[in-house]
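Please consult the sequence and the model alongside the text.

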Amino acid sequence: MSAADNSAQKPPPSDPPQLAPPDQLASMNQSAQQSGGTGNAGQSSQGCPKKRSWFSVTAMHTVGGAEQVVEGLTLNCHVPDLGPTNGVTSSGSPHVRFDDLTPGGTGDVLGTSHDEVVWEVTTDIS
């Protein structure tokens with residue numbers, strides 16, 4: 001093997017970590033459970049704010065190459081914390097947003113008030 005060949009394994013460390021004998025593991029686990037358990041975790045976490053999330057839909061359409069707000073569009077949605085619910089877009093706010101939701105959920109747009117118009121749905125998560 002040449003000096004440039006680094007494929008050889010390194011020797012074991014001179015002081016390998018000391019492992020507990022198998023017959024002591026049960027007592028070590030019991031000791032850790034008693035001294036480091038989560039018995040008072042509820043007390044320590046009181047007063048911490050719960051994180052809340054939101055679900056939002058923005059309705060835009062492209063006219064002549066420029067995006068414009070879709071005004072007066074009612075979105076029939078289903079949001080887990082709220083159940084069936086509606087939101088309406090306006091010129092002041094193209095967003096339909098549902099606040100104070102449990103994180104990690106999903107929402108669905110079930111229909112719109114403009115059923116005679118065909119919409120292409122694209123998503124942008126940011």
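Residues count as buried under 20% relative accessible area, as exposed over 50%, and as partly exposed in between, with a 1.4 Å probe and protein chains only.

## Basis of the report

The model is predicted, so that local features need a pLDDT of at least 70 and side-chain atom pairs count only at pLDDT 80 or more, while totals for chains, interfaces and linings use all residues. Residues are numbered from 1 along each chain as its sequence is written, and side-chain values use heavy atoms, with hydrogens and water left out.

## Overall fold

The protein has two helices and seven strands, in the order α-α-β-β-β-β-β-β-β from the N terminus on. These elements are DSSP runs numbered from the N terminus: helices are H or I with at least four residues, and strands are E with at least two.

Of the 126 residues of the protein, 13% count as buried. Contact here means heavy atoms within 4.5 Å. Among contacts with a separation of 6 or more, 53% join residues 24 or more positions apart.

## Nonpolar core

A nonpolar core is a set of buried Ala, Val, Leu, Ile, Met, Phe, Trp, Tyr and Cys residues joined through side-chain atoms within 4.5 Å. The largest nonpolar core has eleven residues, namely Phe55, Val57, Ala59, Val70, Leu73, Leu75, Cys77, Val79, Val96, Phe98 and Leu101. At least two residues of this core come from each of strand 1, strand 4 (74–79) and strand 6 (95–101).

Thr89 lies in the loop between strand 5 (83–88) and strand 6. Is this residue buried or exposed? Thr89 is buried, because its relative accessible area is 2%. Leaving out residues up to four places away in sequence, Thr89 touches Ala59, Val70, Glu71, Gly72, Leu73, Pro94 and Val96.

A polar atom of the Thr89 side chain lies 2.5 Å from the backbone oxygen of Val70. A polar contact is a pair of N or O atoms within 3.5 Å; within protein, one must be able to donate a hydrogen and the other to accept it, and residues adjacent in sequence count only if both atoms are side-chain atoms.

Gly83 belongs to strand 5 and counts as buried because its relative accessibility is 12%. Gly83 and Gly107 are 24 residues apart along the chain, with 9.4 Å between their C-alpha atoms. Val88, also found in strand 5, is exposed, with a relative accessible area of 52%. Not counting residues up to four places away in sequence, Val88 touches Gly72, Leu73, Thr74 and Val96.

Ser113 is placed in the segment after strand 7 (108–112) and is partly exposed, at 37% relative accessibility. Apart from neighbours within four places in sequence, Ser113 is in contact with Gly72, Leu73 and Thr74.

## Backbone at Asp100

Most residues other than glycine have a negative phi. Asp100, in strand 6, has a positive phi near 60°.

## Second largest pocket

The second largest pocket has a volume of about 250 Å³. Its lining comprises 14 residues, and those closest to the pocket centre are Ser53, Trp54, Phe55, Gly105 and Thr106. On a 1 Å grid over the protein atoms alone, where a 1.4 Å probe fits, a pocket is an open set of points with protein on both sides within 12 Å along at least five of seven lines; lining residues have an atom within 4 Å of a point. Grid points are joined across faces, edges and corners, and a volume is the space filled by probe spheres set on the points.

Strand 1 (residues 53–58) gives the most to this lining, with four residues.
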